[in-house]
Structures are given as C-alpha cells and as structure tokens.
Amino acid sequence: VVLPIINMWGFANQTRQNSRQVDLNRNSDYAWEEFSHDQPGMIYYKGEAPFSERETRNVKAVFDSLDNVVAFLDTHSIQTIGPVEYCIFYPRFTEQNNEPFIQALWEMYQEPERLVFGSSSLPSLTNYVSHTYGATSLLSEVVNGISGATRSGIEMTRMVRFFGNLIIKAGLLRHEGKVENLTEPFT
C-alpha cells in the first residue's frame with residue numbers, strides 16, 4: 001500500500017505543517033501526553049487532539065483496514081538534522097530487523113556522502129505504526145537540493161534511488177507477529 005503524499009498542502013507549500021499549521025507527524029496518540037508542543041504556531045505543533053487532522057485519520061483508517069502490517073516507511077524530503085545525503089530513524093527501544101536498511105545505506109554510499117542511522121522516541125507516525133501494529137518502521141529523510149536544484153531531475157533520481165531501495169528491502173521482510181518493545185536500550 002502506497003500513500004504517496006500524506007501532507008499534500010505542506011508538500012505544495014514546502015512546509016512540514018498542514019493547512020491548519022499542524023505537524024501531521026506529531027498528530028497520533030503515540031506519546032501524546034509527553035510531547036509538549038501544544039500551542040498553535042509552534043513548528044512541531046501536535047494539534048488539538050490525537051488524530052484531529054483529516055490526513056492522520058486517513059492514515060489510521062488505512063492501517064486499521066490491513067492485516068499483518070509488515071513495514072512502514074515514512075519518507076521525508078525535509079531533513080531535521082542537517083545536510084546529510086541519507087538519513088534513517090527507527091523507533092527507539094523497539095526490537096526490529098534494521099539490518100536490511102543498514103545494508104541498503106552502505107550499498108548506496110559513495111565518498112564523501114554523509115550517513116545517519118539513529119533511533120527516535122519522538123511522537124511520530126513511524127513510532128505510532130511500530131507500537132500499534134507491530135510493524136518494522138523507518139523514517140527516512142533527505143535534504144532536497146544537495147545534488148542539484150530543488151526537485152530537479154538529479155535530485156528526484158537521487159530520492160527515487162534512496163527511497164526505492166528502502167522499499168525493496170522492506171518488501172523482502174516477513175511478518176513475525178509482533179515487534180517487542182524493550183524498556184532498556186540495547187546494542
């Protein structure tokens with residue numbers, strides 16, 4: 001199942017918020033109480049309530065209609081940590097099979113590119129899907145404009161290569177029944 005652009009208004013206007021200034025990635029019930037960005041105008045404003053936005057209700061409805069969700073890849077063309085070529089975050093304290101995605105990063109890597117592979121416990125659709133549906137979940141990000149003009153052919157090719165390889169790796173995963181949420185970090 002592909003949801004090509006969840007935040008169409010934000011994509012068209014090159015912002016992470018929707019038309020109501022809500023960060024859709026913060027608008028689920030995952031860690032809702034712990035996340036303090038509850039004032040309109042804040043960059044990560046989570047909205048009035050979990051799933052208060054039509055876009056996130058649509059995403060939830062899609063996942064609720066599916067059986068045995070294996071993977072969820074949330075792809076972003078805006079990056080929060082700086083200009084790196086490839087960036088992947090996975091849910092912190094969750095045991096999932098990240099090896100295929102680490103392998104994909106190394107297969108795509110070329111000097112002097114910068115790679116980031118890290119965990120996040122922020123409220124996000126990635127963490128929501130992992131926690132609620134037991135799926136392997138990743139949030140992948142790229143900076144638009146690193147290899148050419150924003151949304152140029154070179155940039156779109158780079159993004160398709162990155163996101164496409166992650167989708168192929170996710171398609172090879174098998175459903176294992178559940179993802180075990182751990183209470184302590186692990187290596």
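Is E85 buried or exposed, and at what relative accessibility? In this predicted model, E85 counts as buried because its relative accessibility is 9%, which falls under the 20% limit for that class. The side chain of E85 meets that of R114 in a salt bridge, with 3.1 Å from N to O. This pair links distant parts of the chain: E85 sits in the loop between strand 1 (71–76) and strand 2 (86–91), R114 sits in the loop between helix 3 (99–108) and strand 4 (115–120), and 29 residues separate the two.

In general, side chains of opposite charge can pair when their charged atoms come close. The count for this model comes to seven salt bridges. One of them joins R20 and E53, whose closest N and O atoms are 2.8 Å apart. Both R20 and E53 lie in the loop between helix 1 and helix 2 (54–64), but they are 33 residues apart in sequence, so the pair ties together separate parts of the chain. R20 counts as partly exposed at 46% relative accessibility, whereas E53 counts as buried at 2%.

Another salt bridge is formed by the side chains of R16 and D23, at 2.9 Å from N to O. Here both partners are buried: R16 has a relative accessibility of 16%, and D23 has a relative accessible area of 2%. R16 and D23 also belong to a network with R26, joined through salt bridges that share partners.

The nonpolar interior was considered next. In soluble globular proteins, nonpolar side chains tend to be buried together. The largest nonpolar core of the model has 15 residues, and the members that touch the most others are I88, F101, F162 and L166. At least two residues of this core come from each of strand 2, helix 3 and helix 5 (153–171). Helix 5 gives the largest share, with five residues. Beyond its neighbours within four places in sequence, L166 is in contact with L73, I88, F101, A104 and S140. A further core lies apart from the largest one; this core has 11 residues, including Y30, F51, V69 and F72.

Helix 4 (residues 125–133) is a mostly covered element, with seven of its nine residues buried. These buried residues are L125, T126, N127, Y128, V129, S130 and Y133. The elements that cover them include helix 2, strand 1, strand 2, strand 3 (94–95), strand 4 and strand 5 (136–141). T126 gives an example from within this helix. With a relative accessible area of 2%, T126 is buried. When neighbours within four places in sequence are left aside, the contacts of T126 are F72, D74, P91, S137, L138 and L139. Among these contacts of T126, F72 is also a member of the core of 11 residues. After helix 4 comes G134, which has a positive phi, near 70 degrees.

A nonpolar patch was found on the surface. V1, L3 and L66 form this patch, and together they have about 270 Å² of accessible area. V1 is located in the segment before helix 1 (8–13). Because its relative accessibility is 79%, V1 counts as exposed, the limit being over 50%.

Backbone geometry was examined last. Most residues other than glycine have a negative phi, and most peptide bonds are trans. Q14 lies in the loop between helix 1 and helix 2 and is exposed, with a relative accessible area of 55%. F93 occupies the loop between strand 2 and strand 3 and is partly exposed, at 31% relative accessible area. The peptide bond from E111 to P112 is cis, with omega near -5 degrees. P112 is placed in the loop between helix 3 and strand 4, the loop that also holds R114.

Definitions and conventions:
Residues are numbered from 1 along each chain as its sequence is written. This is a predicted model: local features need pLDDT of at least 70, side-chain atom pairs count only at pLDDT 80 or more; totals for chains, interfaces and linings use all residues. Side-chain values use heavy atoms; hydrogens and water are left out. Patches are made of residues with over 30% relative accessible area and no salt bridge: like charges are joined within 9 Å, nonpolar side chains (Val, Leu, Ile, Met, Phe, Trp, Tyr) within 5 Å. Accessible areas come from the Shrake-Rupley method with a 1.4 Å probe; for residues, only the protein chains shown count as cover. A salt bridge is a side-chain nitrogen of Lys or Arg within 4 Å of a carboxyl oxygen of Asp or Glu. Helices (H or I, at least four residues) and strands (E, at least two) are DSSP runs, numbered from the N terminus. Buried means under 20% relative accessible area, exposed over 50%, partly exposed in between (1.4 Å probe, protein chains only). A nonpolar core is a set of buried Ala, Val, Leu, Ile, Met, Phe, Trp, Tyr and Cys residues joined through side-chain atoms within 4.5 Å. Contact means heavy atoms within 4.5 Å.
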